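Subject: Structure handover and notes

Hello,

Here is the structure for you to look over.

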Amino acid sequence: DKENRPVVILPFGPWNMKKAAADGNHEQCIRYICQVWETLQRKMKGKRTSEGVPMTQFNVIGDFRGLGLKTVGSFAVLEVFKGIVGQFDPNYPEVLYKCYVINASRAFQILWAVHEYQHSCTLEGRAAIIVQFPEQMNQLEVNRRS
């Protein structure tokens, strides 16, 4: 980004969480996301932002295009999602600068409700979480250009 923080793009929508959960890969899914966070932290070590401050935070863009209610309606998928979110807050506190959720569908709202219930929005107040629904994407494009 403009301040030299890393940006990671996670395409959750195309990711077949239902198949991964059905195949018993729940723990592997969680480990993969943890590996992404740990890799980012290693890459940031010793680097500085544009202001010269040590780099300790990164940005995430989560793309939920294609995430449907059939996927989110699966108890196994909800468990995978809860596991991923459950690992983030206690193990990687303060590393998330901003999280942009794009192409958020109604299915994403269900996932987010599960997160809020489980964690009482522990990320709120620490990281900016910006959610854009597909009908708002034009607005996001306008803001990016200005």
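Predicted model: local features only at pLDDT ≥ 70, side-chain atom pairs only at ≥ 80, totals over all residues.

Residues are numbered from 1 along each chain as its sequence is written, and side-chain values use heavy atoms, with hydrogens and water left out.

**The aromatic cluster**

Start at F64. The loop between β2 (58–63) and α3 (69–72) holds this residue. Helices (H or I, at least four residues) and strands (E, at least two) are DSSP runs, numbered from the N terminus. F64 is buried, at 5% relative accessible area. The cut-offs: buried is under 20% relative accessible area, exposed is over 50%, and partly exposed is in between (1.4 Å probe, protein chains only).

What does F64 touch? Setting aside neighbours within four places in sequence, F64 has contacts with F12, G13, V101, I102, N103, A104, F108 and L111. Contact means heavy atoms within 4.5 Å.

There are three aromatic pairs in the structure. Rings of Phe, Tyr and Trp (its six-membered ring) pair if their centres lie within 6.5 Å; planes under 30 degrees apart count as stacked, over 60 as edge-to-face and the rest as tilted. F12 and F64 make a stacked pair, because their ring centres are 5.2 Å apart and their planes are at 20°. This pair links distant parts of the chain, 52 residues apart: F12 sits in the loop between β1 (7–10) and α1 (17–22), F64 in the loop between β2 and α3. F12 is buried too, at 14% relative accessibility.

F64 also pairs with F108. Their ring centres are 4.7 Å apart and the planes are at 55°, so this pair is tilted. Again distant parts of the chain are linked: F64 in its loop between β2 and α3, F108 in helix α5 (residues 106–119), 44 residues apart. C-alpha to C-alpha, F64 and F108 are 7.2 Å apart in space. Both F64 and F108 are buried. Together, F12, F64 and F108 form one aromatic cluster.

**A buried aspartate**

D63 belongs to strand β2. D63 is buried but has no salt bridge. Which side chain of opposite charge is nearest to D63? It is R65, 4.4 Å away. For charges, Lys and Arg count as positive and Asp and Glu as negative; His and the chain ends are not counted. Not counting residues up to four places away in sequence, D63 touches L10, P11, F12, G13, P14, I102 and N103.

**Salt bridges**

A salt bridge is a side-chain nitrogen of Lys or Arg within 4 Å of a carboxyl oxygen of Asp or Glu. The count by this rule is three. D1 and R5 form one, at 4.0 Å from N to O. E3 and R5 form another, with the closest N and O atoms 2.1 Å apart. R5 is buried, at 12% relative accessibility. D1 is partly exposed at 42%, and E3 is partly exposed at 25%.

R5 also lies over the face of Y97, 3.6 Å from the ring centre. The rule there: NZ of Lys or CZ of Arg within 6 Å of the ring centre and within 35 degrees of the ring normal.

K19 and D23 meet in a salt bridge as well, at 2.7 Å from N to O. K19 is partly exposed at 47%, and D23 is partly exposed at 45%.

**The nonpolar core**

How many residues are in the largest nonpolar core? It has 38. Such a core is a set of buried Ala, Val, Leu, Ile, Met, Phe, Trp, Tyr and Cys residues joined through side-chain atoms within 4.5 Å. V8, W37, F58, V60, F64, L67 and L111 have the most contacts inside it. Two or more residues each come from β1, α1, α2 (26–44), β2, α4 (75–91), β3 (96–102) and α5. Helix α2 gives the largest share, eight residues.

F58 is worth a look in the viewer. Leaving out neighbours within four places in sequence, F58 is in contact with P6, V8, W37, L40, M44, V95, L96, Y97 and K98.

Best wishes
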